[in-house]
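The following exercises are to be worked through in order.

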Amino acid sequence: MKDATELPRSLLVLGGTSEIALATARRLIARRTRTVWLAGRPSLALENAAGSLRALGADVHTVAFDALAPESHEDALGKVFAEGPVDMVLLAFGILGDQAHDERDPVRAVRVAQTNYTGAVSAGLVAGRALQTQGHGRLVVLSSAAAERARRADFIYGSSKAGLDAFAQGLGDALYGTGARVMVVRPGFVRTRATAGHPRTPLATTPEAVATAVELGLRRDAETVWVPGSLRLLTTVLRHAPRALFRRLPL
């Protein structure tokens with residue numbers, strides 16, 4: 001995939017059981033992707049995910065990967081890149097946590113930060129260097145609209161995504177001109193199993209809608225993708241709202 005606007009023939013998913021990632025993989029397989037690596041903790045869920053993609057005609061492999069074990073990332077991702085060029089790496093792992101409980105349990109709060117930010121820094125740097133070495137490819141990072149401004153209701157999760165978002169933008173600048181690129185995807189509330197039971201919010205979206213936006217972003221060679229697109233204006237307004245007003249908004 002040396003033309004940046006081409007869709008990938010090979011895909012490495014970090015977070016291989018993510019509903020958003022799997023929806024994206026299905027969409028890309030229907031277009032052009034033929035080889036998929038699903039990286040995640042060994043489990044029946046990971047094997048089932050691989051089987052579902054094989055049924056679509058892709059050559060699918062699994063690789064053991066743990067976001068909370070950064071010392072293993074070089075080896076885990078190195079095994080994939082050693083098999084041949086990887087056109088796209090989708091960094092899709094992360095946890096929401098439980099704000100009410102995590103505020104009272106710093107260990108749980110730190111786990112959210114370590115998964116969403118620290119683990120992503122390690123995996124992102126390893127993937128970015130590998131893409132740079134091969135001279136082409138795209139790192140697609142699933143961030144969140146919550147990264148734009150921390151809300152009282154989810155500031156632990158939001159702050160971890162804010163760190164991830166800033167890191168991904170900086171990595172994209174560092175890789176500029178090398179043939180490797182970074183695309184940051186900022187969805188709003190996504191209806192998945194992980195968010196079941198959470199109050200629905202305006203402009204809520206689906207894994208399939210995020211997958212569609214990822215494809216369009218790849219075709220446009222975009223650096224940032226909002227899902228839905230109207231979130232970009234809304235978050236701009238909220239980001240600049242006076243703090244005293246922001247506190248009172250029903251967010």
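**Exercise 1: A pair of charged residues**

Arg 41 has a relative accessibility of 45% and therefore counts as partly exposed; that class lies between buried (under 20% relative accessible area) and exposed (over 50%), computed with a 1.4 Å probe and protein chains only. The model is a predicted one, in which local features need pLDDT of at least 70 and side-chain atom pairs count only at pLDDT 80 or more, while totals for chains, interfaces and linings use all residues. Residues are numbered from 1 along each chain as its sequence is written, and side-chain values use heavy atoms, with hydrogens and water left out.

Task: Which residue forms a salt bridge with Arg 41, and what does the pair tie together?

Solution: 
- Step 1. The partner of Arg 41 is Asp 66, and their closest N and O atoms are 3.2 Å apart. A salt bridge requires a side-chain nitrogen of Lys or Arg within 4 Å of a carboxyl oxygen of Asp or Glu.
- Step 2. Because Asp 66 lies in the loop between β3 (59–64) and α3 (73–81), and Arg 41 in the loop between β2 (35–40) and α2 (44–54), the pair ties together parts that are 25 residues apart in sequence. The elements are DSSP runs numbered from the N terminus: helices (H or I) have at least four residues and strands (E) at least two.
- Step 3. Asp 66 counts as partly exposed, with 25% relative accessibility.

**Exercise 2: The chain as a whole**

Task: Determine how many helices and strands the chain has, and how its radius of gyration agrees with that of a compact globule.

Solution: 
- Step 1. The chain contains nine helices and seven strands.
- Step 2. For 251 residues, a compact globule would have a radius of gyration near 18 Å; the chain has 17 Å, which agrees. The radius is taken over C-alpha atoms, and the globule rule is 2.2 Å times the number of residues to the power 0.38.
- Step 3. Along the principal axes, the C-alpha atoms fill a box of roughly 55 × 35 × 35 Å.
- Step 4. Buried residues make up 48% of the 251 in the chain.
- Step 5. Consider the contacts (heavy atoms within 4.5 Å). Of those between residues at least 6 apart in sequence, 72% join residues at least 24 apart.

**Exercise 3: Further salt bridges**

Task: How many salt bridges does a search of the whole structure find, and where do the partners Glu 74 and Arg 129 lie?

Solution: 
- Step 1. The search finds 15 salt bridges.
- Step 2. In one of them, the side chains of Glu 74 and Arg 129 meet at 2.5 Å, N to O. Glu 74 belongs to helix α3 and Arg 129 to helix α5 (residues 106–134), so this pair ties together parts 55 residues apart in sequence.
- Step 3. Glu 74 is partly exposed at 47% relative accessibility, and Arg 129 is partly exposed at 40%.

**Exercise 4: Asp 221 and the backbone**

Solution: 
- Step 1. Asp 221 is not a glycine, yet its phi is positive, at about 55°. Most residues other than glycine have a negative phi, and most peptide bonds are trans.
- Step 2. A cis peptide bond, with omega about -10°, joins Val 227 and Pro 228. Pro 228 is in the loop between β7 and α8 (231–239).
- Step 3. Asp 221 forms a salt bridge with Arg 181, with 3.5 Å between the closest N and O atoms. This pair links distant parts of the chain, 40 residues apart: Asp 221 is in the loop between α7 (207–220) and β7 (224–227), and Arg 181 is in strand β6 (residues 180–187).
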